[in-house]
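Subject: Structure handed over, with notes

Dear colleague,

I am passing on the structure we discussed, and below it you will find my notes on what turned up. Please read them with the coordinates open beside you.

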Amino acid sequence: MDSHVLETPKPPPDGSATYFDGMSNKRRAVTLRFADRLEINGDEGTLAAWAYADIRRADSPAGMLRLSCLTAPGLARLEVRDAALASELVSRCGGIDDDVPGRRGVAAIVGWSLAATVSIIAVVLFGLPLLADRLTPLVPEAFERRLGNVADSQIKTMFGAKVCDDEAGQKAFAKLVTAIRESAGLDTSVQSGVLSTPVPNAFALPGGKVYLFNGLLAKAENVDEIAGVLAHELGHLKHRDNMRGLIHNGGTSFLIGLLFGDITGSSVLIFGSRTLVTSSHSREAEQNADSFAIDVMHRLGRPAKPAGELLLRVTGKGDKGLSIISTHPLTEDRLAQMSREDRPASGPPLLTTDEWRALKSICSAKI
Amino acid sequence: MNEMSWPPQVPPPMPSPVPPPMPVAFSGKRSEFFHLVKRGAGLEFVTLGFYRFWLLTDIRRHLWANTLVDGDAAEYTGRGKELLIGFLVALAILVPIYLGYFLIGLEAERFQAFASIPLVAFFYLFGQFAIYRARRYRLTRTVWRGVRFWMRGSGWIYALRASLWGLLVVVTLGLALPWRTAALERYKMRHSFYGDLQGSFEGRGWEFFKRGWWLWLLTPIALYVSPLAPFVYGAFKAVEWRWWLSGIRFGGVRLESKLRRSELIGLYWKVIGWIVVLGLVFSVYLALSAALVASMSGEPFVEFFKSQEFMKSIPLLVLAGLGYLAFALAMNIVIRVYLMRDLWVRVLGSVNISGIEAAAEVSARGDLANALGEGFADGLDVGGF
């Protein structure tokens, strides 16, 4: 091999490099010698000797090779700018890229992330409903009532609403609620009232509070319509759907939040996914409350269909109203269920004509 | 990732390169950073965000390794796994706190609706603590010439100071901001070290105020006339960077920045331009997927959008969710390229270092800090670089 031609432009094989010993930041010009270990030689002799197997690559700017050594001080660095010397070094150090998470490292991250995602989704879909069902009976009534009180004051602030207190109307409302409550088998802790707001809605709060909005009352044409709606809400109370929903929703938001982490504006995503997950759950709760309402109405000897007609009348106009505890995504399906199981009235009317008129004008004293 | 091909296909450099005239230089290629961020965004998409720990680490490694001070490049020695562990530990601590927060809030709300809002103040305090501890993590992972930076001091004392100063800023409608920043920087820098070289901060609140008071006057106008906002914000950031950098000292080493006010404004406008473009693309995508779902449901268009099932349509929600995710990731790429990399380069380009000889013989000191602070910062959404 004729090496004379090649030798002249190349620097000597024991080329120069820069060494930092990791104990002080002194910059040392060194020469390297490839012995059985890599010898780093300074002016005062050998500064360090690194075993080739222990040498690792460290981050460096383009055009420079920076090395560290497992057995040297953690921050000791050898910097080589000479490309020929660098490639010589790389070829001698077998483990140089062992710490670099290559394709396999990234695959492991992706794999574990997917496993975590699948496990979180499984918990959300199967674990949380089970947990909510089991935990709900364990939650003390007192705590639930406290929650209800919080929601109560927030709702009243949000809607700027007051409880209507027309005396004759109150009396009629109390009579109606008592009849339904007794038929539903709930005790006297149930509180109820009509709120003076034009939003057509009704809802149950945790801890046994049922509110009817005057907007819904105004749209009702007879007492059976209102009675069915109230029976539906009492169904939610009986099943403690609020508490279950709270545990389920809270857990879902938390876990999905965990999943998406800090991708900007992830709250939108969390909200969307939660809607997906909980809509199926709440639909089931609504159906149970509907069945419950139908049962109660039949026990009272009154038809169940009018409530469905009232709610269809409300939603059909496209005026869903705004409710922070949305309970009535009423569709034709639900009316169909109520019609299917409908029976003709066999009992006496729940309120007399006079009482019904008084109930309809319960809020007129205020508005 | 560290997939830099080695050796580079260039002839060996001259034996003794001329020392660069600028004491601080940046050698990273923009295309390389873009590739890194693009790949990271794709992996973030696949892992639903879990990859963020590694991506953030890679971004820092790239920025640090290409920053050359006095001809020698810095190095970032933190790793993604540390951030992940920090996040998990922070989560284990934050979950009971959130639960307690919920219960206390419940009690407060019983007396007065929305009375629980002051509890947010507690999270502000916690966020400041996280900022301090996260800075400590980043600093102890920063190495130059084989010696690391490090930091001591108490995160809670810092959080208390930051909160009290924050209160003063609110009371004075923002006028106290320069003095707050100066006081907090003094605390941070006093407790920062490079080896055995102690840091300090010489910036005065008054100087910051002198340079930026007219921006304070413009802010109310900018809030009404939104096209003005990027100018005001860009100018403010430039003033703040310049003042902050010029105040940094490590022993006898002094930093000086000549960042001009106009230099950052262009960056913000570019980001806004991209947001508009991406927002348009996202809207078109949403409209198309809504039309697709509507046509699949078989109902006439108008009927479909009138019915309330429209908002609950699962295919539409899934399509919208995926589109949103892609939109958010594209935004992340834009923000990382312009507001991390380009900002970094511009700010670095403005810096001059004098008295570097004072850092010639520095002994290594200080221990590594854990990534718990980074985890809190992630969990509370107060992260920095």
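Predicted model: local features only at pLDDT ≥ 70, side-chain atom pairs only at ≥ 80, totals over all residues.

Ala74(B) belongs to strand β3 of chain B, and, once its neighbours within four places in sequence are set aside, its contacts are Arg66(A), Trp64(B), Ala65(B), Thr67(B), Val143(B) and Trp144(B). Along the chain 73 residues separate Ala74(B) from Val147(B), while their C-alpha atoms are 9.8 Å apart in space.

Which residue is the bridge partner of Ala74(B) in β4(B)? It is Trp144(B), and the two strands concerned, β3 (residues 72–76) and β4 (residues 142–144) of chain B, run antiparallel and are joined by three bridges.

Thr67(B), one of the contacts of Ala74(B), sits in strand β2 (residues 67–69) of chain B. With a relative accessible area of 8%, Thr67(B) is likewise buried, and its side chain makes a polar contact of 3.2 Å with the side chain of Trp344(B). Beyond residues up to four places away in sequence, Thr67(B) touches Val24(B), Ala25(B), Phe26(B), Asp72(B), Ala73(B), Ala74(B), Trp344(B) and Leu348(B).

**The sheet of chain B**

These strands are part of an open sheet of 10 strands in chain B, with antiparallel pairing and the order β1-β2-β3-β4-β5-β6-β7-β8-β9-β10. At its edges stand β1 (24–26) and β10 (351–354) of chain B, each of which has a single partner strand, so that one side of each has no neighbour in the sheet. Averaged over the sheet and with direction ignored, neighbouring strands are turned by 30° against each other.

Helix α4 (residues 120–140) of chain B packs on this sheet, where it touches β3, β4, β5 (147–151) and β6 (192–194) of chain B, and its direction makes about 170° with that of β5(B). Helix α6 (residues 177–190) of chain B lies across β5, β6, β7 (197–201) and β8 (248–250) of chain B, and runs at about 180° to β7(B).

For chain B as a whole, the secondary structure amounts to 12 helices and 10 strands, and 47% of its 385 residues count as buried. Of the contacts in chain B between residues at least 6 apart in sequence, 75% join residues that are at least 24 apart.

**Strand β6 of chain A**

Strand β5 (residues 55–58) of chain A pairs with β6(A) in the antiparallel sense over four bridges, and Ile55(A) has Cys69(A) as its bridge partner in β6(A). Six residues lie between the strands in the hairpin of β5(A) and β6(A), in which Gly63(A) takes a positive phi near 90°. Strand β7 (residues 77–80) of chain A also runs antiparallel to β6(A), to which three bridges join it, and the bridge partner of Arg66(A) in β7(A) is Glu79(A).

**Where helices of the two chains meet**

How do α3(A) and α1(B) lie to each other, roughly parallel or roughly antiparallel? The axes of helix α3 (residues 103–135) of chain A and helix α1 (residues 30–46) of chain B come within 9 Å and cross at roughly 30°, which is under the 35 degrees cut-off, and the two helices are therefore roughly parallel. In this contact Val106(A), Val110(A) and Leu114(A) of α3(A) meet Arg39(B), Leu43(B) and Val46(B) of α1(B). The residues of the contact divide into five nonpolar, no polar and one charged.

Definitions and conventions:
Residues numbered from 1 in each chain as written. Chains lettered and ligands numbered in written order. Heavy atoms only, no water. Pairing = 2+ DSSP bridges. Axes fitted to C-alpha atoms, helices over the stretch in contact; angles between N-to-C directions. Parallel < 35°, antiparallel > 145°, perpendicular 65-115°, else oblique. Contact = heavy atoms within 4.5 Å. Nonpolar A, V, L, I, M, F, W, Y, C, P; charged D, E, K, R; others polar. Buried < 20%, exposed > 50% of the residue type's maximum accessible area, 1.4 Å probe, protein only. Polar contact = N/O pair within 3.5 Å; in protein donor to acceptor, adjacent residues only side chain to side chain.
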